[in-house]
Amino acid sequence: MGYADIKAVLGRGFSVSTLNEITRLGHDLLGSDATVRHPAAAYVLAATAQKIAWHLEGQPLRDDAAEIIEAHLGPKMEAVIKAADSDADALTSALDDLARAYSDTVSFLGSGVDGNQ
């Protein structure tokens, strides 16, 4: 168990089920005996995936909404995975970028992604 598992699931695309799986894997990694250099990375990945899944669940979405969200957040989440075994400055930068992307994404979700709001 490790970040490679999260990256593999992330590579399957954004859906409520894959985001929920990323959430579970992140929390499992935190609770495991695996040594992680920066546990904050696992927590932030899990929390971000959980919040996006929560926003997507049961919401009428434009056909391309999940793809837009994935295109915006996916690379930032992958950067966090890459930086998780790096130095603190690299991880902090990746976490900051993910936080900014998440903020933009939540604004997008709140703007009526079904096109009717």
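**Figure 1. Overview of the chain.** Of the 117 residues of this chain, 38% count as buried, where buried means under 20% relative accessible area, exposed over 50%, and partly exposed in between (1.4 Å probe, protein chains only). The model is a predicted one, in which local features need pLDDT of at least 70 and side-chain atom pairs count only at pLDDT 80 or more, while totals for chains, interfaces and linings use all residues. Residues are numbered from 1 along each chain as its sequence is written, and side-chain values use heavy atoms, with hydrogens and water left out. The chain contains 5 helices and 0 strands, in the order α-α-α-α-α along the sequence. Helices (H or I, at least four residues) and strands (E, at least two) are DSSP runs, numbered from the N terminus. Among contacts with a separation of 6 or more, 69% join residues 24 or more positions apart; a contact means heavy atoms within 4.5 Å.

Figure 2. Helix H3 covers residues 39-56. Its 18 residues, at 1.5 Å a residue, should span 26 Å, and the end C-alpha atoms are 26 Å apart, so the two values agree. The expected span is 1.5 Å times one less than the number of residues. The buried residues of H3 include Ala-41, Ala-42, Leu-45, Ala-46 and Ala-49. Further along, Ile-52, Ala-53, His-55 and Leu-56 are also buried. After H3 comes Gly-58, which has a positive phi, near 70°.

**Figure 3. Close-up of Thr-48.** With neighbours within four places in sequence left aside, Thr-48 is in contact with Leu-98 and Tyr-102.

**Figure 4. Lys-51 and Trp-54.** The charged end of Lys-51 sits over the ring of Trp-54, 5.1 Å from the ring centre. A charge sits over a ring if NZ of Lys or CZ of Arg is within 6 Å of the ring centre and within 35 degrees of the ring normal.

Figure 5. Side chains of opposite charge can pair when their charged atoms come close. The whole structure holds 4 salt bridges, each defined as a side-chain nitrogen of Lys or Arg within 4 Å of a carboxyl oxygen of Asp or Glu. Arg-12 and Glu-21 form one of them, with the closest N and O atoms 2.5 Å apart. Arg-12 is exposed, at 52% relative accessibility, whereas Glu-21 is partly exposed, at 24%. Glu-21 also meets Arg-24 in a salt bridge (4.0 Å, N to O). Because Arg-24 and Glu-21 are 3 residues apart in helix H2 (residues 16-31), about one helical turn separates them. An α-helix has 3.6 residues a turn, so residues three or four places apart point the same way. Arg-24 is partly exposed, with a relative accessible area of 43%, and Asp-28 is partly exposed at 30%. Arg-24 and Asp-28 lie 4 residues apart in helix H2, about one turn of the helix, and their side chains meet in a salt bridge (2.9 Å, N to O). Through shared partners, salt bridges join Arg-12, Glu-21, Arg-24 and Asp-28 into one network.
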